[in-house]
Amino acid sequence: MLNQLKDILKKVIPDVDMTAVTESTRLIEDLGFDSISIMMMSMEIEDKFGFTFTEFVKFETVGEVCAYVEAHKA
């Protein structure tokens, strides 16, 4: 799941070195995400994994995103 998410993150923030991204990497503090980046990531996740976010989820780390996707993917 982490590698699939890294592919999505690379689309959203292409200038970040994905080799350093781990499950404990923080979206805002470490990757520089803002509200637009989070929205773009969410849309990419929905397209790739075939589900729709039905509520606002405040992700802090890459690992939290991975766990959420694992629990909700089609």
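Contact here means heavy atoms within 4.5 Å. Keep in mind on this tour that the model is predicted.

Start with Ser37, which sits in helix H2, residues 35–49. Is Ser37 buried or exposed? Its relative accessible area is 11%, and the cut-off for buried is under 20%, so Ser37 counts as buried. Now show what surrounds Ser37: once you skip neighbours within four places in sequence, Val12 and Ile13 are in contact with this serine.

Next, pick Met41. Setting aside residues up to four places away in sequence, Met41 touches Ile8, Leu9, Val12, Leu27, Phe33, Phe59 and Val65. Met41 is also one of three residues, with Leu9 and Ile45, that touch the most other members of the largest nonpolar core, a set of 22 residues. Colour that core by element: H1, H2 and H3 are the ones giving it two or more residues, and H3 supplies the largest share, five residues.

Now hide everything but H1 (residues 2–12) and H3 (residues 62–72). Their axes come within 10 Å and cross at roughly 115 degrees. Angles of 65 to 115 count as roughly perpendicular, so that is how H1 lies to H3. Which hand does the crossing have? H1 passes H3 in a right-handed one.

From H1, select Leu2, Leu5 and Leu9; facing them from H3 are Val62, Val65 and Cys66. Sorted by class, this contact has six nonpolar residues, with no polar and no charged ones.

Definitions and conventions:
Residues are numbered from 1 along each chain as its sequence is written. This is a predicted model: local features need pLDDT of at least 70, side-chain atom pairs count only at pLDDT 80 or more; totals for chains, interfaces and linings use all residues. Side-chain values use heavy atoms; hydrogens and water are left out. Axes are lines fitted to C-alpha atoms, for helices over the stretch in contact, and angles run from 0 to 180 degrees between N-to-C directions. Helices (H or I, at least four residues) and strands (E, at least two) are DSSP runs, numbered from the N terminus. Angles under 35 degrees count as roughly parallel, over 145 as roughly antiparallel, 65 to 115 as roughly perpendicular and the rest as oblique. A crossing is left-handed if the near helix is turned anticlockwise from the far one by less than a right angle, and right-handed if clockwise. Ala, Val, Leu, Ile, Met, Phe, Trp, Tyr, Cys and Pro count as nonpolar, Asp, Glu, Lys and Arg as charged, and the others, Gly among them, as polar. Buried means under 20% relative accessible area, exposed over 50%, partly exposed in between (1.4 Å probe, protein chains only). A nonpolar core is a set of buried Ala, Val, Leu, Ile, Met, Phe, Trp, Tyr and Cys residues joined through side-chain atoms within 4.5 Å.
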